[in-house]
Amino acid sequence: MGATIVALADLSPSVKQVRLRPERSLDFRAGQYVTLVRQDGLARSYSIASLPEDGAIELHVRLVPSGKMSGWLHHEARPGDQLTMLGPSGECFYVPGKEDQPLLLAGTGTGLAPLWGVLRDALRCGHRAPIHVFHGAVDQRGLYLCDEIRELARLHGHVSYTPVVLNAEGSPDAAAGTAIGAIDRVILERFPQLAEWRAYVAGDPEIVRSLKMKLFLAGAGSRDIFADAFLHSAN
């Protein structure tokens, strides 16, 4: 279906929030993904960070070096521009039920996009068990939505948020509560046993593959691990 860009905003120096309005109602779940097709046929897929009732489809687009779609969305696209949107696809979304099952949401980079949707969807559906959100980046500049997630954690006592940076030297102003190190190590040091948990993982493909295996070895059932790896095009 056709879609119109209605707003563009910077979430970080390298991440753009893109909001689109489809030409007709789109049946989707937060955390799924859509494929954007430009008028010249260029196509890229992005996860949905919004809820159906938000009124627009929200995507988080990382600026890829020499990226044709991401470069266009960051530097040239304007509200009112038209695209074609395919989808939704993907199974990385919250399913109501088992409201007393602890949730682990772990993502790197713009892998936060589907997790932001899953987190708000779980709260909207009345999830009662603890929800632990881990967002990893190379350094502090790669983190975003920190204040928004902290505000949700303040409002909902069963939500916790841990930003994680790999490079302490590149993060001299890391806020209190920011963990230093690889995201998988940080998670498993805090939660070494994950039996009966449900996990959502998104972001860099290698990290997603590794983390899925480590979560499984820590006790999470394979059917309780939902993941989407981000495959960035070189151009």
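**Figure 1. Strand 1 and strand 6 in the predicted model.** Strand 1 and strand 6 run antiparallel and are joined by three bridges. The structure shown here and in the following views is a predicted model. Within this pairing, Ala-3 has Leu-83 of strand 6 as its bridge partner. Both strands belong to an open sheet of six strands, which has the order 4-3-6-1-2-5 and antiparallel pairing. The edges of the sheet are formed by strand 4 and strand 5, each of which pairs on one side only. On average, and with direction ignored, neighbouring strands of this sheet are turned by 40° against each other.

**Figure 2. Strand 5 and its pairing with strand 2.** Six bridges connect strand 2 and strand 5, which pair in the antiparallel sense. Arg-19 stands opposite Glu-58, a residue of strand 5. Five of the six residues of strand 5 are buried, so this strand is largely enclosed by the rest of the structure.

Figure 3. Helix 1 comprises residues 68–75; six of its eight residues are buried, so the helix is largely enclosed by the rest of the structure. The buried residues are Met-69, Ser-70, Gly-71, Trp-72, Leu-73 and His-74. Their cover includes strand 1 (2–12), strand 2 (15–22), strand 3 (33–37), strand 4 (43–47), strand 5 (57–62) and strand 6 (82–89).

Figure 4. Leu-86 has its place in strand 6. Its relative accessibility is 45%, and Leu-86 therefore counts as partly exposed. Apart from residues up to four places away in sequence, Leu-86 touches Val-34, Thr-35 and Val-37. Leu-86 and Arg-44 are 42 residues apart in sequence, and their C-alpha atoms are 10.0 Å apart in space. Gly-87 and Pro-88 are joined by a cis peptide bond with an omega of about 10°; Pro-88 is likewise found in strand 6. Most peptide bonds are trans.

**Figure 5. Two loop residues with positive phi.** Most residues other than glycine have a negative phi. Lys-98, although not a glycine, has a positive phi of about 55°. Lys-98 lies in the loop between strand 6 and strand 7 (103–108) and, at 57% relative accessibility, counts as exposed. Glu-196 is not a glycine either, and has a positive phi of about 75°. The place of Glu-196 is in the loop between helix 4 (183–190) and strand 11 (198–203). With a relative accessibility of 64%, Glu-196 counts as exposed.

**Figure 6. The salt bridge between Asp-40 and Arg-38.** The structure holds 13 salt bridges, and one of them joins the side chains of Asp-40 and Arg-38 at 2.6 Å, N to O. Side chains of opposite charge can pair when their charged atoms come close. Asp-40 is exposed, with a relative accessible area of 55%, whereas Arg-38 is buried, with a relative accessible area of 17%.

**Figure 7. The salt-bridge network around Arg-124.** Salt bridges link Arg-29, Glu-53, Asp-121 and Arg-124 in a network. Between Arg-124 and Glu-53, which form a salt bridge, the closest N and O atoms are 3.3 Å apart. This pair links distant parts of the chain: Arg-124 belongs to helix 2 (residues 112–124), while Glu-53 lies in the loop between strand 4 and strand 5, 71 residues apart. Arg-124 is partly exposed at 45% relative accessibility, and Glu-53 is partly exposed with a relative accessible area of 48%. The side chains of Asp-121 and Arg-124 also meet in a salt bridge, at 2.6 Å, N to O. Asp-121 and Arg-124 are separated by about one helical turn because they are three residues apart in helix 2. An α-helix has 3.6 residues a turn, so residues three or four places apart point the same way. Asp-121 counts as buried, at 1% relative accessibility.

**Figure 8. A nonpolar patch on the surface.** The patch is formed by Met-213, Phe-216 and Leu-217, which together have about 340 Å² of accessible area. Met-213 is found in helix 5 (residues 205–217). With 47% relative accessibility, Met-213 counts as partly exposed.

Conventions
Residues are numbered from 1 along each chain as its sequence is written. This is a predicted model: local features need pLDDT of at least 70, side-chain atom pairs count only at pLDDT 80 or more; totals for chains, interfaces and linings use all residues. Side-chain values use heavy atoms; hydrogens and water are left out. Buried means under 20% relative accessible area, exposed over 50%, partly exposed in between (1.4 Å probe, protein chains only). Helices (H or I, at least four residues) and strands (E, at least two) are DSSP runs, numbered from the N terminus. Contact means heavy atoms within 4.5 Å. Patches are made of residues with over 30% relative accessible area and no salt bridge: like charges are joined within 9 Å, nonpolar side chains (Val, Leu, Ile, Met, Phe, Trp, Tyr) within 5 Å. Accessible areas come from the Shrake-Rupley method with a 1.4 Å probe; for residues, only the protein chains shown count as cover. A salt bridge is a side-chain nitrogen of Lys or Arg within 4 Å of a carboxyl oxygen of Asp or Glu. Two strands pair if DSSP finds at least two bridges between them. Axes are lines fitted to C-alpha atoms, for helices over the stretch in contact, and angles run from 0 to 180 degrees between N-to-C directions.
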